[in-house]
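Biologist: Could you put the model up and walk me through it? I'd like to hear about confidence before anything else.

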Amino acid sequence: MRKIKYKILIGISIIFFLFVNTTYFWETPLGAWAIPIFLIELGLYAGLMVALLWLLYKVVVQTPGRRQRLIAISIITSVLLLVYYRPQGLIDFTKYEAADVLIAAQEGTANCRTTLRLKADHTFKERSVCFGIEETTGTYRIQNDTIYFSNIHQNNPESKQHTFALIRPSKYAATPMSVVYLKHAKDSIGYELGITKNELNKKLHP
């Protein structure tokens, strides 16, 4: 019975580790469910810490079953340290995407954040994190100072994606230049994202 408990703890630790390291693939499709899942992850992390302390106590006060406890302790400790060191996983899968030629971002209230990334292969990704995750992908083209978005795909069909934006000096952002989403041609305000990286002058992939 004691061995079964240790195997269950080891199994939970391994599943938790795999779950964290595949965040890149499942986080965006969950949309609004990403935040509750993240809270569950925090609960599991805290639970494994409690289990680790309990096992350490048992190693000190009890001799029988020490080998199984030490195996469980080593695995749980490794998982907790690796997740703490790399909470988004050991592999940064974004490195396998096309290079970013422009990054623009805006942080709103309640730590809500929207980030737009234009890629070298003429695709784009917009990611909004605010009580959930909304992601929009597609293709773009640039004409003069205007970015046109097309082939738009969204994980939340109820959200609205702008079809074009301007690159112009910032009015509200802390950066010198910004990307400004406009609802229509006569929109004089728009929604501004400060540009933090701009390599558009470099050659893009055809």
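Modeller: Since pLDDT will come up at once, it is the predictor's confidence in each residue, on a scale from 0 to 100. This is a predicted model, and the protein averages a pLDDT of 85, with 88% of the residues scoring at least 70.

Biologist: Which elements have the lowest and the highest mean pLDDT?

Modeller: Helix α2, residues 23-30, has the lowest mean, at 80, while strand β2, residues 113-119, has the highest, at 93.

Biologist: OK, and the overall layout? How many helices and strands are there?

Modeller: There are four helices and eight strands in the protein, and along the sequence they follow the pattern α-α-α-α-β-β-β-β-β-β-β-β. Of the 206 residues, 37% are buried, and among contacts between residues at least 6 apart in sequence, 39% join residues at least 24 apart.

Biologist: Switching to pockets. How much space lies in the largest one?

Modeller: The largest pocket holds about 1000 Å³ of space. Its lining is made of 35 residues, and those nearest the centre are Thr23, Tyr24, Glu27, Gln88 and Arg127.

Biologist: Which elements supply that lining?

Modeller: Each of α1 (2-21), α2, α3 (34-61), α4 (66-85), β2, β3 (123-129) and β4 (133-143) supplies at least two residues to the lining of the largest pocket. By class, that lining has 18 nonpolar, six polar and eleven charged residues.

Biologist: And the second largest pocket, how much space is in that?

Modeller: The second largest pocket has about 160 Å³ of space. It is lined by 13 residues, with Glu126, Ser128, Glu134, Lys160 and Gln161 closest to its centre.

Biologist: Where does the largest share of that lining come from, and what are the classes?

Modeller: Strand β4 gives the largest share, three residues, and both β3 and β4 supply at least two residues each. The lining of this second pocket consists of two nonpolar, seven polar and four charged residues.

Biologist: Now the strands. Is β6 mostly covered or mostly open?

Modeller: Strand β6, residues 164-169, is mostly covered, with five of its six residues buried.

Biologist: Which strands does it pair with?

Modeller: On one hand, β6 is joined by three bridges to strand β5, residues 146-154, and the two run antiparallel; in that pairing, Tyr148 stands opposite Phe164 of β6. On the other, five bridges join β6 to strand β7, residues 177-181, again in an antiparallel arrangement, and there Ile167 stands opposite Val179 of β7.

Biologist: Last topic, the backbone. What is phi at Asn144, and where is that residue found?

Modeller: Phi of Asn144 is near 55°, which is a positive value in a residue other than glycine, and Asn144 is found in the loop between β4 and β5. For background, most residues other than glycine have a negative phi.

Biologist: What about Asn151?

Modeller: Asn151 also has a positive phi, near 50°, but its place is in strand β5. With a relative accessible area of 52%, Asn151 is exposed.

Notes: Residues are numbered from 1 along each chain as its sequence is written. This is a predicted model: local features need pLDDT of at least 70, side-chain atom pairs count only at pLDDT 80 or more; totals for chains, interfaces and linings use all residues. Side-chain values use heavy atoms; hydrogens and water are left out. On a 1 Å grid over the protein atoms alone, a cavity is a set of points where a 1.4 Å probe fits but cannot get out, and a pocket is an open set with protein on both sides within 12 Å along at least five of seven lines; lining residues have an atom within 4 Å of a point. Grid points are joined across faces, edges and corners, and a volume is the space filled by probe spheres set on the points. Ala, Val, Leu, Ile, Met, Phe, Trp, Tyr, Cys and Pro count as nonpolar, Asp, Glu, Lys and Arg as charged, and the others, Gly among them, as polar. Buried means under 20% relative accessible area, exposed over 50%, partly exposed in between (1.4 Å probe, protein chains only). Two strands pair if DSSP finds at least two bridges between them. Contact means heavy atoms within 4.5 Å.
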